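Have your viewer ready and the sequence panel open beside it.

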Amino acid sequence: MHDTPAAEVETVTRPRRRRLPLRLVLLGVILLLLFGVPWWTIVAGAHWPTAVTVVGTAVFAAALLALPVAMTFGHGRRHLDRAAVLGDALLGAVWVFFTWSVLGQVLALGLALGGVADPVRSRAVAVAVLTVAVLLLGWGHREAMKVPRVRRVDVPIVGLGRGMDGVTLAVLTDTHYGPIDRARWSAAVVDRVNALGADVVCHVGDIADGTVAVREPQASPLARVRAPLARVYVTGNHEYFSDARGWLDYMTGIGWDALHNRHVVVERGGDRLVIAGVDDATARGSGLAGHGANIDAALAGANRDLPVVLLAHQPKQIPQAVAAGVDLQISGHTHGGQIWPFHLLVRLDQPVVAGLSRHGERTRLYTSRGTGFWGPPFRVFAPSEITVLTLRAVS
């Protein structure tokens, strides 16, 4: 018989407690809020008959369980497109229901002040929230899936030569070819771009969610884009989730200039313009050798007396553009928030959500709301766009 020290016995017999990762706890709290607030507003707090409450609770519970499972299988290692479509749709829907459930409390307060008692008050709020959310999701899906409207913006450029005055740049960005097959949509977008007759066509990143091998059928219409001066492309952050090198090679292979920290010079009417491009802000952290936004490399050898247009996927890359004396930076990434009021969260990370803005004494930034959509197939109060930027000479 051997004696065992008490400390050793405790070590052997007491199982270790595994702490849940903080991110997992935070995710759980967020999901409970996203689903819990609309569940209470539409179902539990409205004092419906028992059968309605049970069915409504079952629907919310099923959606709550389905969302993380679908997102894991759709955007995890397996990349199952059907699961991704389900997860993305649930994510967009619950955000809309959550937003309008919160706003529904304002209606509830107004009704209470007006003397409307329960259950009439709570049921009126529930019906109003449900109606608004369903209508917005239907309209938002239509907005997301249609060919974007054309938005035209004049951009003054100091020192732009007369020959370049009026030159047009058609901007595509954030096409996000993904789990929903949008090959026909892609072809229609290209047709609309070609009808514009722009001098330069730009794609400012986030071309697809997935590899070239998987998403090429949706991207292939880009080979038909026509532009007499240049077709230029830079990477976005989503390329670095999957196949950045593949997309750079693909775009080069179909005749585009992939501006991987480099520039091209275009000429019209005896005057010239530098169009430069840098990698996305996340490229350096991707681990890919030779990748990372480098504006000095992008402008190396360029005549700095010429006006410079810079393609950079994220608006927050603007400080480097200002320091380099860039005249115009073209960006995307924000989607204009995509589903209202998500633009408020986007603004925490980016200096601009959409439109033309000025930075420093010289540099202007145009931020596109994007041509496609990411994830949830909805656009609510943030319409997609194909942008035509017309450069105007000013002294």
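**Before you start**

This is a predicted model, in which local features need pLDDT of at least 70 and side-chain atom pairs count only at pLDDT 80 or more, while totals for chains, interfaces and linings use all residues. Residues are numbered from 1 along each chain as its sequence is written, and side-chain values use heavy atoms, with hydrogens and water left out.

**Stop 1: the two domains**

Colour residues 20-144 as domain 1 and 148-393 as domain 2; such bounds come from an automatic or database domain assignment. Taken over C-alpha atoms, their centres are 35 Å apart. The contact (heavy atoms within 4.5 Å) takes 20 residues from domain 1 and 19 residues from domain 2.

How much area do domain 1 and domain 2 bury between them? The figure is about 1,700 Å², with 72% of it on carbon and sulfur atoms. Buried area here is the accessible area (1.4 Å probe) that two parts lose on being put together, summed over both. Now select Trp95, Glu143 and Ala144: they supply 31% of the area that domain 1 buries against domain 2, more than any other three residues.

Between the two domains there are also four residue pairs in polar contact, both residues being at pLDDT 80 or more. A polar contact is a pair of N or O atoms within 3.5 Å; within protein, one must be able to donate a hydrogen and the other to accept it, and residues adjacent in sequence count only if both atoms are side-chain atoms.

Next, show helices and strands, which are DSSP runs numbered from the N terminus (helices: H or I, at least four residues; strands: E, at least two). Helix 4 and helix 5 each supply at least two residues of the side of domain 1 that touches domain 2. Helix 4 gives the most to that side, with 13 residues.

**Stop 2: salt bridges**

A salt bridge is a side-chain nitrogen of Lys or Arg within 4 Å of a carboxyl oxygen of Asp or Glu. By this rule the count comes to 12, and the count between domain 1 and domain 2 is two. Select Glu143 and Arg149, whose side chains meet in a salt bridge (3.6 Å, N to O).

Go on to Asp81 and Arg215, which form a salt bridge at 3.0 Å, N to O. Asp81 is in helix 4 and Arg215 in helix 7 (residues 212-219), 134 residues apart. Are these two residues buried or partly exposed? Buried means under 20% relative accessible area, exposed over 50%, and partly exposed in between (1.4 Å probe, protein chains only). Asp81 is therefore partly exposed at 28%, and Arg215 is buried at 7%.

Then pick Glu385 and Arg151, with their closest N and O atoms 3.8 Å apart in a salt bridge. This pair joins strand 12 (residues 385-394) to strand 1 (residues 149-158), across 234 residues of chain. Glu385 counts as buried at 0% relative accessibility, whereas Arg151 counts as partly exposed at 30%.

One more pair is Arg362 and Asp327, whose salt bridge has its closest N and O atoms 2.8 Å apart. Arg362 sits in the loop between strand 10 (355-359) and strand 11 (363-367), and Asp327 in the loop between helix 11 and strand 9, so the pair ties together parts 35 residues apart in sequence.

**Stop 3: backbone details**

Most residues other than glycine have a negative phi, and most peptide bonds are trans. Asp118 and Pro119 are joined by a cis peptide bond, with omega about 5°. Trp340 to Pro341 is also cis, with omega near 5°. For positive phi, look at His47, near 55°, and His333, about 75°. His333 is in the loop between strand 9 and helix 12.

**Stop 4: His313**

Finish at His313, in the loop between strand 8 (308-311) and helix 11 (318-323). At 0% relative accessibility, His313 counts as buried. Leaving aside neighbours within four places in sequence, His313 has contacts that include Thr173, Asp206, Asn237, Asp280 and His333. Turn to Asp206: its side chain and that of His313 are joined by a polar contact of 3.2 Å.
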